[in-house]
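Colleague: Could you take me through the ring contacts in this one, please?

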Amino acid sequence: MSGGRRSAEPDASRGATLGSFPLLKSERIWSGAEFTWVNVSLAIATWAFLVGGSTALLVGFQQGLAAMVIGNAIGLSFMVLASVVSSQRHGGEQYTMLRPVFGLVGVGILVFTVILVTEMGWSSLLSIMVGRAVTQVSNEAFGTDFGPESVMVTVVALLAIAAAWWILSRGPVMIGRFNKFIAPGLVVITAGLMVFLVLNTSWDALLTASPLAPFEDDRLNFMLAVEFNAGVGVSWYPVMGSLARLTKSPKAALWPAYGGLFVATIIAQMVGMGAALTLGDSDPTVWMLPFGGPVLGAAILLFIAFANITSTSSIVYSTVLALRQASGSLLAKTPWPLLCAGFFVLPAILAFFPGFMYDQFMVFVTISGAFLSAMCGAIIADYFLLRRQHINLPDIFQPGAASRYHFSGGLNWAGLAAVAAGAAFYLAIYNPVTLETLPVFRYTTASLPAALLAGAVYYVLASLAYRRRGLGGFQDPPEPPASPASTATNRSKDHA
């Protein structure tokens, strides 16, 4: 019996971390240090250097550093509040915890549109960057002549997707094991690149370097750079909550999520920006070889390429969980490896268009930021202002109209209206396709007003449509948390 119990426990834990059930304390696997390494590994990948290089298109080093600090601080602030706090406190999967804000059907709509498109885009971009990195090393070491849009880039990108699927299919424990080794290596590499940059470039040359492709209006350039980095900060929303629920305490989740991402991102972006300003190219797969030398540069580029693979696994973990929960019974019994493979179909197709993904990078980040900022605003208004951080956890899992979070046909119209209003307001202030802006953009960015407006719209509509009528569980008194024993019993009943 004891042997059978020991063999069953890993399966139970695996089922919890790959499902929607709130995690027990014994199933939370990451300390603050471990979660910090996870976030550092996520933040320092070649895409972070690409963000820094893209920032250099608009502003010089000093303004770029200020834009990165301000933008990431804004985006990460409401991203962490909207994702980490609730999931860590209740142990619930991130998108299951959104049912009080949007309703079961509403969550499904957002997951299969905003979240899915955003994470598929990032996954494709990361895999293409692996392809470009490996082909650059091949060109240097073996004299090949693979271009940045060659078939070989696509082939390597597809291999990177396959490797990411293999890691992801084994769950978050495997992701954490890789990050324990990769994150420290990335810190050392990034610090080394920074030192190399300082030693081989005079501070005067770095500080006075002109941006690569600025507009005539300096203030507009700066605010575009701030907004771009704010979009990068909020882009962590789709993954951070479901990762944070694996931490052992609120302290182990909140500061590692904010501080780990903020510090590591800024350092990596600063290196990318400095290299782009001095070498004239925003693509890290192009400048890293001449920057670090043929041997060291190649080794660094290959290591960071592998880090991209683990980063892809980490970001896709939360999204695949979301797809499983948002689909209802449709995907509930689909094996985890098969579900992960299904997610990678579109990124694999996009890998055949590497030039398009690079050309549209800034547009992709800012448009996804419009919707994610609005989502965060609505979520913060619901959880902190209206519900005062109280959710009736058992009721989230009640089917249909039996749940107080069912609203009308599974839709919380206040939440969806808030997201639509916030995103529309963002795009009215700043159109990332045409680069048209309203005067207010030069002082407020677009992400912050979008989040604030979405939160205000949600507060008003939810209060009028549901709270005043006693619907939606907004006036529920706090209930004591379920004991581990009762939670385990409920899981057994559900599985049965």
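Colleague: Which ring does the charged end of Arg387 sit over?
Modeller: The charged end of Arg387 sits over the ring of Phe474, 3.9 Å from its centre, where a charge counts as over a ring if NZ of Lys or CZ of Arg is within 6 Å of the ring centre and within 35 degrees of the ring normal. Arg132 lies over the face of Tyr358, at 3.6 Å from the ring centre.

Colleague: And what are these values based on?
Modeller: This is a predicted model, in which local features need pLDDT of at least 70 and side-chain atom pairs count only at pLDDT 80 or more, while totals for chains, interfaces and linings use all residues. Residues are numbered from 1 along each chain as its sequence is written, and side-chain values use heavy atoms, with hydrogens and water left out.

Colleague: How many aromatic pairs are there?
Modeller: The count is 12 aromatic pairs, taking rings of Phe, Tyr and Trp (its six-membered ring) with centres within 6.5 Å, and calling planes under 30 degrees apart stacked, over 60 edge-to-face and the rest tilted. Among them, Phe228 and Phe361 are edge-to-face, 5.8 Å centre to centre with 85 degrees between the planes.

Colleague: Why does that pair tie together parts that are 133 residues apart in sequence?
Modeller: Because Phe228 lies in helix α9 (residues 218-234) and Phe361 in helix α17 (residues 361-386); helices here are DSSP runs of H or I, at least four residues, numbered from the N terminus.

Colleague: Buried or exposed, those two?
Modeller: Both Phe228 and Phe361 are buried, meaning under 20% relative accessible area with a 1.4 Å probe, protein chains only. Together with Trp122 and Phe364, they form one aromatic cluster.

Conventions. Helix = DSSP H or I, 4+ residues; strand = E, 2+ residues; numbered from the N terminus. Buried < 20%, exposed > 50% of the residue type's maximum accessible area, 1.4 Å probe, protein only.
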